[in-house]
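Work through the exercises below with the structure in view. Each task is followed by a solution in steps.

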Amino acid sequence: MDCQGVQDLFSAYLDGELPADRQTAVARHLAGCAVCRREFQVWQQVWEALGGDPVTAPADLTEKVLARLPGRPRSWWQNLALAASLLVGIFLGGHLGQEVYQTTLAIQTEAGETGWEGLAADSPHSLAAILANYDLDNGNGS
Ligand SMILES: [Zn+2]
């Protein structure tokens, strides 16, 4: 291990986070290298000034951070409720669409006998009037 490689490990070495073989290698290098020993003394002084203990986060840090975030992630039952309400909405929407389609068919059958214009004349703002204009605009009017 070269000097730079040893110095890169000083922080972990001081915190006791290195595997035993690496810990031994750093100690052996420090015993034989005056340059790294001087550098290590600076690291040691800083480490001791900081209290000598590795900094650990409070146990409830994650909970506190998550509690302050807007839009917390939904739980599985909230996702299930959302999916169920979407399915109900799709079912009701399809049912309503079927009702509208059948009503339109009934009106068209009636219009087929009297013509859209006949129905539209009775009520100028009715669906028949809209359909009559639609047919005329498309050149399909009777
Ligand atoms: Zn060295």
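**Exercise 1: Burial and elements**

Of the 142 residues of the protein chain, 6% count as buried; a residue is buried if 20 or more other C-beta atoms, placed from the backbone, lie within 10 Å of its own, exposed if 12 or fewer, and partly exposed in between. The model is predicted: local features need pLDDT of at least 70, side-chain atom pairs count only at pLDDT 80 or more, and totals for chains, interfaces and linings use all residues. Numbering starts from 1 along each chain as its sequence is written.

Task: State how many helices and strands the protein chain has.

Solution: Helices (H or I, at least four residues) and strands (E, at least two) are DSSP runs, numbered from the N terminus. The protein chain has eight helices and zero strands.

**Exercise 2: R22 and its helix**

Task: Locate R22 and decide whether R22 is buried, partly exposed or exposed.

Solution: R22 lies in helix α3, residues 20–32. Helix α3 is hardly covered, with one buried residue among its 13. R22 counts as partly exposed because it has 15 C-beta neighbours inside 10 Å.
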